Amino acid sequence: MKKFISGSLLLLILILGLSLLVTNGYASPLSKLDAEQVIRGAQLYDDWTKVVVPAPTLTGNQPIWSQQTTSTLGGVDTWRCVSCHGWDYKGSEGAFRSGPNYTGFPGIYAARTKDASELEGILGGANGEAHDFQAYMGDGDVQALVAFIQNGLIEDDEFIDPISLKVLGGDLANGLTLYSGTCAQCHGEDGRQIQFRYEGQNINLGKLAMQDPWRFLHRTRFGTARAPEMVIGANLGWTAQEGRDVLLYAQTLPTGMETANTPSIGEQTPGNAQQPGGPASNIFTGILTALGAIATGLLFAVIIGAILIGIILLVVWFLRGRK
Ligand code: HEC
Ligand code: HEC
């Protein structure tokens with residue numbers, strides 16, 4: 001009997017251990033081995049011109065760039081995969097479907113099911129010489145890009161509201177835990193400790209999360225060559241949802257608009273400056289805006305009412321005077 005009990009106990013422990021291993025594997029989208037290659041591929045996709053060794057000498061715009069006239073971008077940035085194919089990997093069918101980044105170039109999301117040799121071919125200019133990026137990078141980097149396209153592309157569209165760009169669903173409490181535990185040490189509890197350049201402005205993490213959730217997700221999951229020291233999701237085994245949870249929390253951080261520069265003519269970057277009377281960015285300003293609208297409406301009604309009563313009084317006074 002004793003033997004039976006200890007035997008089944010051992011079996012139970014074995015099963016528990018095995019199931020832990022299995023669920024762990026399912027919880028993370030990438031195995032440790034793949035992760036390294038996919039991360040490199042993602043950073044190459046972000047800006048291979050800053051990642052490949054030796055650094056390439058590039059002059060002017062990427063040749064394909066001249067096929068479009070809509071984007072105002074120019075120079076070395078036009079050689080980056082992301083400039084044409086987007087942070088959401090959907091090209092002109094995704095977030096770049098309008099605005100200054102619109103080029104009309106396609107996305108790469110559908111290409112994730114292509115086999116490695118075909119993808120290598122595309123990156124080697126098989127469909128057009130102008131798309132030959134192999135000329136600038138080693139085989140290892142081409143393979144990393146292929147690994148990223150096959151295993152790293154995550155579809156977030158159904159989890160991001162297309163108008164407000166806010167995360168739909170998601171676990172805010174989990175986002176807070178992950179952010180405080182891994183990100184706050186560098187970015188600060190309020191996300192203001194590090195500033196980024198974004199379309200000619202200095203912005204913080206909270207504003208980036210609101211302004212470009214896809215860039216936030218790509219760099220949170222895979223990092224950026226600009227910050228090799230950064231802790232990143234793919235290395236922590238984060239699921240796609242955990243990335244979105246952190247984004248959801250980051251969207252509640254101050255956007256920096258509260259301490260906006262006082263307008264001074266001549267020192268403002270034209271165009272992108274936030275208008276103080278702009279659309280409500282959270283529920284409180286939303287309620288304030290609504291209350292403001294109601295108050296204005298009420299005031300208007302009172303004034304109109306007073307004018308009407310005044311006119312009636314005048315008419316009555318006039319009629320009485322004639323009697
Ligand atoms: C200047 C714009 C531009 C840049 C930069 C660029 N591409 Fe492309 N890419 C295109 C265009 C246009 C097509 C579609 C026509 C073609 O296949 O040449 C395309 C096609 C692709 C496809 C095939 C998509 C499909 O569904 O068949 C993949 C994959 C791809 N690019 C990956 C990359 C990667 C990775 C990089 C960076 C190393 C990159 N591209 C850089 C413009 C660009
Ligand atoms: C060890 C310090 C460190 C940690 C930890 C860290 N970051 Fe960063 N992060 C940086 C630095 C440095 C930059 C690059 C700033 C720049 O672009 O010059 C950066 C950049 C970013 C960017 C890209 C900003 C852009 O310009 O697009 C995002 C998004 C980001 N971090 C999110 C996070 C998140 C989410 C976490 C937690 C999982 C995190 N970071 C943890 C240091 C850190």
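Is E199 buried, exposed or partly exposed, and how many other C-beta atoms lie within 10 Å? Select E199 in this predicted model: with 13 other C-beta atoms within 10 Å, E199 is partly exposed, where 20 or more would count as buried and 12 or fewer as exposed, with C-beta atoms placed from the backbone. E199 sits in the loop between strand 1 (196-198) and strand 2 (201-203), strands being DSSP E runs of at least two residues and helices H or I runs of at least four, numbered from the N terminus. Its phi is near 45 degrees, a positive value in a residue other than glycine.

Local features here need pLDDT of at least 70 and side-chain atom pairs 80 or more, while totals for chains, interfaces and linings use all residues. Residues are numbered from 1 along each chain as its sequence is written, and chains are lettered from A and ligands numbered from 1 in the order in which they are written.

Next, select L165, in the loop between helix 5 and helix 6, which has a positive phi of about 65 degrees although it is not a glycine.

Then select V53 and P54, which are joined by a cis peptide bond with omega about -5 degrees; P54 lies in the loop between helix 2 and helix 3. Most peptide bonds are trans.

Finally, display ligand 2, which has 19 residues around it (C-beta atom, placed from the backbone, within 6 Å), with C183, C186, F196, A227 and M230 coming nearest. Helix 6 gives the largest share of this shell, 5 residues.
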